[in-house]
Amino acid sequence: MNKRSLGRLWVLIVLAINVVFLAYLYTYQTAGGFVFGIPEALLSLSVFVSGVVTINSVMGWLYLGKPDLRELFVPRSSGKPSGQPSMEDD
Amino acid sequence: MPSLWVSIGLGVTAVYLLAMLYISIYSSRITVPTVSDYFVASGSLSSIVIFLTTVASAFSAFTFLGGGGIAYSLGIAGLVIVGGIVVTDMPIVIMLGGKIWKVSKTGKDYVTPSDLLCDRFDDSTGIRVIVAFIAVVFTFFYVTIQFTGMGLVLTVLTDGFISRTEAIVVIGLLLAAYIAIGGMRGVAYTDALQAVLLWLGMIIVAGWVLTNAPTNMYQQIASEAERITKLTMDPIYLYTAAAGFGLAIPTFPHIWQRYYSSSRHSAVWGMGFGDSFSAVVLLTLFPAIIGFAGILTFPELSGGNPDTVILEYILAMPGPALGVLMAAALAAAMSTADTMILMMGSFVSRDIFQVLLESDVSEERLSTYSKVFSGLLALGALLVSLLDLGLLVTVAIDLAIPGYLLLVPPAIAAFWWPRANKHGVVAGLLAGLAVVTYYTYTGAAIPLNMWIGAPGFLVTTVVMVLVSLVTPEPPEDRVQEFVYDLRDRDPEQLERATSGTSVPADD
């Protein structure tokens, strides 16, 4: 799937997520019960936002062309022009 | 006299503040004396630094204090407003941010969002003035929130030993110094440390509250506060607030500048993920623990300032934790304030002094002026923050975010709508600005109970489209470059092309 198609698919998914969010907002205008001692409205919200982040993380990664995510957690060891000063150089 | 633990806490906080200053001085040694390097590090920052600085910049006193406060006062509805931003934020941070990152790597010398918008929209002075106005004026309110947060933290945690004014003045002066000295590198590196502290502080407090709460905590709270089991606010208001807040994030001018500052494409994903993931944990899960438990533990706050609920818990925790948590609370406020002040300095230096006033001073001298401008802006914000602006979150949501949201339609149109032109953008922004100002200052009822930012956003969009359609088409070469050519640009090639520039890299 090319980037433009992925973008369109992602926009559709985002629209669907927003519809679900609106449904949540209307559903819990009345009080829900408790699940495992946690208010149902809170549990539903937590599950929903966690799911949304997971879906968007995958879609975003695919949309950007699968960038190397190790760069976010460890400093990159190559690619710096030689002879340039850096934090380490200092 | 303060207690032993408060004294130790103040000592730890002093060490933290000095560390910030040291990092800033260290950063200044690798900053080249140009406006671009001072304000956006010439696009040389690594993904890990961008990831952390985005988290630190986006999540501030608003998160550390306001998250628990809004959960305490509004219940589930409060969590929806701040945590619900995930329904729009990551897609737009990545899609729009990816475009901003790409175009900034095509040999451009962008420093402010106006630079990009003016480049696309035919060097419009009108756009530069309006965007600078939105960025500086609306941000000013946001910065004062951070200063207020700092004052609140030290006053409450030292039990009044340090007054709000003393706290704001001392930290404000130090902040002004380290921003002026270190520029973007100083701010980004200190942000990285502050992001870790923010997370650590929230984890410690939430963990402590959870382990000390009764097993049936939520049932007990529900019997006293129905707002934790149902939404007590209008669904349209909640939806427009959450979705609008999320949409505005990439156009927060200080977040926008992080796209310019990053050297690697992966940073764009990191910004989106860092933002969304932090929204879930820091603005939804932790406030649901801290804010809700606070309803049971500190019922007296309902008539006072709910924003202090997390501070009340910190005071109730064992003494040794106080030092780290005091520093963490300050870090949350400082990391956003420094970023915003630096951003305002860039608008004054680039948009007002260099472009609008057509100053012909050398880059090196302007870089020096930039430090002065940034320092003076910090001092100005410090003075304004000594006024009481009300509940932190209310001020932020009512004034700052609606202003940033106005920039979303022009930013999207710049890359995806070939027909958008400068006339449409100027008219749209002016109309949106008028609407936001009207509702903010008159308090008039908003149609359909929408959040205050929504009508401004809609009006900006409609006016921009209509005026663009009835005025001449934009220059073909601008449209070709921004809308069509950019689609086919390979990120890896852009990374390679910019990695050879003669600026210091931090990785």
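Colleague: What does the secondary structure of chain A come to?

Modeller: Two helices and two strands, running α-β-β-α from the N terminus on. Helices (H or I, at least four residues) and strands (E, at least two) are DSSP runs, numbered from the N terminus. This is a predicted model, in which local features need pLDDT of at least 70 and side-chain atom pairs count only at pLDDT 80 or more, while totals for chains, interfaces and linings use all residues. Residues are numbered from 1 along each chain as its sequence is written, chains are lettered from A and ligands numbered from 1 in the order in which they are written, and side-chain values use heavy atoms, with hydrogens and water left out.

Colleague: Why does Trp416(B) count as partly exposed?

Modeller: Buried means under 20% relative accessible area, exposed over 50%, partly exposed in between (1.4 Å probe, protein chains only). Trp416(B) has 35% relative accessibility, so it counts as partly exposed.

Colleague: Which residues is Trp416(B) in contact with, leaving aside its neighbours within four places in sequence?

Modeller: Contact means heavy atoms within 4.5 Å. Trp416(B), which lies in helix H19 (residues 408-416) of chain B, is in contact with Tyr63(A), Met95(B), Leu96(B) and Lys99(B).

Colleague: Why are H9(B) and H17(B) called roughly perpendicular?

Modeller: Axes are lines fitted to C-alpha atoms, for helices over the stretch in contact, and angles run from 0 to 180 degrees between N-to-C directions. Angles under 35 degrees count as roughly parallel, over 145 as roughly antiparallel, 65 to 115 as roughly perpendicular and the rest as oblique. The axes of H9 (residues 125-157) and H17 (residues 363-385) of chain B cross at roughly 70 degrees and come within 9 Å, and the pair is therefore roughly perpendicular. On the H9(B) side, the contact includes Phe140(B) and Phe147(B); on the H17(B) side, it includes Leu377(B) and Leu382(B).

Colleague: What makes H6(B) and H12(B) roughly parallel?

Modeller: Helix H6 (residues 76-83) and helix H12 (residues 235-248) of chain B pack at about 30 degrees, with axes 7 Å apart. The two are therefore roughly parallel to each other. Ala77(B), Val80(B) and Ile81(B) of H6(B) make the contact with Tyr237(B), Leu238(B), Ala241(B), Ala242(B) and Phe245(B) of H12(B).

Colleague: How does the reach of H20(B) compare with the span expected?

Modeller: The expected span is 1.5 Å times one less than the number of residues. H20 (residues 422-442) of chain B has 21 residues and reaches 30 Å from first C-alpha to last, close to the 30 Å expected. Gly443(B), with a positive phi near 70 degrees, follows H20(B).
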